[in-house]
Structures are given as C-alpha cells and as structure tokens.
Amino acid sequence: MTVRTRFAPSPTGYLHVGGVRTALFNWLYARQNGGTFILRIEDTDEKRNTPEANQVIFDGLKWLGLDWDEGPDKGGDFAPYRQSERSDIYGKYLTRLEAAGHLYEDGGAIRFRSPRKPVVVDDIVCGRIEFDMSNPATHPDMTIRRPDGSYIFHFVNVVDDIEMKLTHVIRGEDHLSNTPKHIELYQALGETPPRFAHIPLILNNEGKKLSKRDGGSSISYFMDHGYAPEAVLNYLCLLGWSPGDNRERLTMEEILSLFDLEKINRRNAIFDLDKCFWLNGQHLLSMSLARFVELAKPFVDKAGIAYGSDEELLPALAIVKPKVKHLCDVPDWIGYLFNDEFAFDPAAVEKSLNKEGVAGRLEALGKALEGVTDWTHTNVEACLKETAAALGVKAGELVHPARVAVSGRSVGPGLYEMFEVLGKARTLARFEKAKAMAAA
C-alpha cells in the first residue's frame, strides 16, 4: 500500500501554526514511507475565501520547505485539487447515497440518515474509541447539502479523501468528534475508511486554544520576525512529539529519521514562543554561513542597505552571525558598516567617549593602526594591545571607545572583525570623527 496523506486548509484567513503542524506531520509520514503528500484547498465557503488567504497558504508552506506532490499548482491524477471545482464529483456521490436510500429532504436541505449504530474509531494516536450514535438528540442526522445547493464540509471531505485514495488522515483532535459521522458516510458508500490519527491541540499559556490574539499563532509572524524555517519546523514537531533522550534542537534529517506517528503524545501541547525563540537562536548559530546569508539577505534588501556587492555583504554577515537571534534584526546589526553617517548612541558616547584622556588614546591608537600593513583582525588586535601596553592602560580603555568610534554603539560584533570589514581607511576616518566628540 502506497501511503497517501493530505493537508486540506481553508483559505479564509491566516495560516495557523496548528494547521502548519498538521501539514508537517502529514508531510513527515508521507516522506518517511515513500508516499505522496497532497495539498487540497477546501474553498467551498465563498463568502470567507480570499485570494490573499489562498496565497498565504502557498507562501507559508513553500517558506517552510513542505513541498507537496499533488495540488492546485502541480496537478495530479485526482485533480482538481480545489473543492470549488469539484461540484460534479460531489453530485455523483450524492446520487449514490440517494439511490441507496441514505438521504432525505428536510426544508430544502438534504440530510444523511444515520444508521443509529455504534461507531468504532481505531485511532493511531487516541486508541480505540466507541461512539454511541443512537440518540438523535445528541447526534442528529447531518446535513449533506444546504438549501442553497452548497455542500457541507463533512460530505465533501469524505468524498475527496475517497477520490484521492487517502490512506491516512492526520488532523487535529478537534476533528475527532466528526470522525464517526465520516465513518458512517464511508460505510454507506461501501468504501474503506483511511487510518485516522488525531493529534493533540495546541493551547496558549492559559490553557485555551491558540488564537489570533496569541503571539506566534500565525506562520506569517515567524516569516516577518525573521525566524529560520528549520527552527519553526523543529519547534512545531515537538508540540505533541518527542524524539526522547531530552533532545530539542533537531535538523530536518534527524526529524525524518526519528519521527514516529504512534509515539505522538495524547496530551494537549502548550505553545511557548520563548522556547521557539531559543531554538531559533540555536539554529542560526549552528547553520552554515551560506544558509544564513540566504535567509538574511531579503531583510537586508528590504531595509535598503547599500552594501554594494554580495562579496562585500558576506564578511559583514559573517561577523554578526553569532549575535543574531532574529533575522529581521540583521539590518540593525550591519547598517553602520555600510553607512559612514551612522547615528551615535548618546548613552554609549557618555559612557565611553566622554571621559578624560579618551581623545588622546584614540589619537595614539589611530597612529599605531596607520602602521599596520596587513589589515587583518589578528594584526589589528595585536596592535591595539601593544598600544595599550605602551600607554600603560588596560586594553579595555582602548576597546570601548574604539567600538563606539567605529559603530556608534557599545555592543556589537567583535571589534577587530569590524576593523577588518571596514578596512583601514574607513576605520581611521571614523576615529577622526570620534576624537572630536571625545573628552580631551
């Protein structure tokens, strides 16, 4: 049996992290088993669907690298992959149910007549659950088609899963109560249901379902705030699943090798943005420079930093990489390296420049640096330390004012690495400007 899974979002708003985690688990299971991952757009709610929300789904999944094998843009053997384009298919299945005596008309709506028998759901995550469907008060006959001719979610969902030959339906636990209704439809149509796996809900710190009001509930939040896709995927996979041995930072290769659908935790997961932030920093720190540049460059370009060529940008990104926690902060970390008219932080000036003797020490350091012929961070560091010794002061007495002189701030990447990126001429020119601000 070839594994076939799907992610079936509705383009009615933002792409919720809960939906993304569902997509991730379906994608992982399909990839692990050499199967097929399908993207299906459930856009039957014409009043709420928007092109913008539709694009958010595509952009979010592509940003995360969750590629699909069949979908609206790729086609496939079971196209179309938008429910709004599948009305004829639903009509055929409606006729099948009607011919078998499972439907009746009620005030213009078409309802499915429940067999009123117990339904067993053998769920991969939740285990075996028996639902008592005998009481019409608690389990009324469900509507299949509304009076206006539009079809209800439960019906089209089942039809599409049958038509697209889904073998596994992995979705949020909030759909568990719908599953017996769906199984009734499968049985009425004479079809074998897929295997179900209902994954735990994602709750906020108050124990409530994560909503739009909660920070980080939308995948767009992570895209805009400069998170690495691999960090977000790493965090989301830990919401309900664990590889064991207290491991937290995982690469996608490790996740693919370790992920086990049957070991998903039944307990609801608590969303912790601070934990995701920490993981993001870990991933940025450990990733290759090439990957860091790939992720950071769009933020640099958006900020309008005139860095010249990619060859000139690369050294600047290399020295700030160990410091960056959010990619959206990269422009602030490197902007002054490409703009000689950078602003000085008043607090940094007061702390490091407005001290007696600073101007003289900057003068001495500048003259010493003029003599450095091979301008590397190693050589300029040696020069600074030799100058400090000659002046009879600690290295910090030169390091702190020099940092403010070349960057306008008291924190940043390594001072000597900044010297190297700026080059000799620009470094010394910045010393001259700072001397005028320094205390004599």
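**Salt bridges, a hairpin and a buried threonine**

The structure contains 29 salt bridges, a salt bridge being a side-chain nitrogen of Lys or Arg within 4 Å of a carboxyl oxygen of Asp or Glu. The model is predicted, so local features need pLDDT of at least 70 and side-chain atom pairs count only at pLDDT 80 or more, whereas totals for chains, interfaces and linings use all residues. Residues are numbered from 1 along each chain as its sequence is written, and side-chain values use heavy atoms, with hydrogens and water left out.

Side chains of opposite charge can pair when their charged atoms come close.

A second pair consists of Glu254 and Arg247, with a separation of 2.7 Å between the closest N and O atoms. Glu254 counts as partly exposed because its relative accessibility is 27%, and Arg247 is likewise partly exposed, at 29%.

Helices (H or I, at least four residues) and strands (E, at least two) are DSSP runs, numbered from the N terminus. Asp340 is partly exposed, at 37% relative accessibility, as is Arg426, with a relative accessible area of 25%.

Attention now turns to the backbone. Strand E3 (residues 103–106) and strand E4 (residues 109–112) run antiparallel and are joined by four bridges; two strands pair if DSSP finds at least two bridges between them. Asp106 has Ala109 in E4 as its bridge partner. Two residues lie between the strands of this hairpin, and Gly107 adopts a positive phi near 60°.

Finally, Thr167 is found in the loop between helix H4 (153–163) and strand E8 (168–172). Thr167 is buried because its relative accessible area is 10%. Its side chain reaches the backbone nitrogen of Arg4 at 2.8 Å. Leaving aside residues up to four places away in sequence, Thr167 touches Met1, Thr2, Val3, Arg4, Pro194 and Arg195, where contact means heavy atoms within 4.5 Å.

Definitions and conventions
Buried means under 20% relative accessible area, exposed over 50%, partly exposed in between (1.4 Å probe, protein chains only). A polar contact is a pair of N or O atoms within 3.5 Å; within protein, one must be able to donate a hydrogen and the other to accept it, and residues adjacent in sequence count only if both atoms are side-chain atoms.
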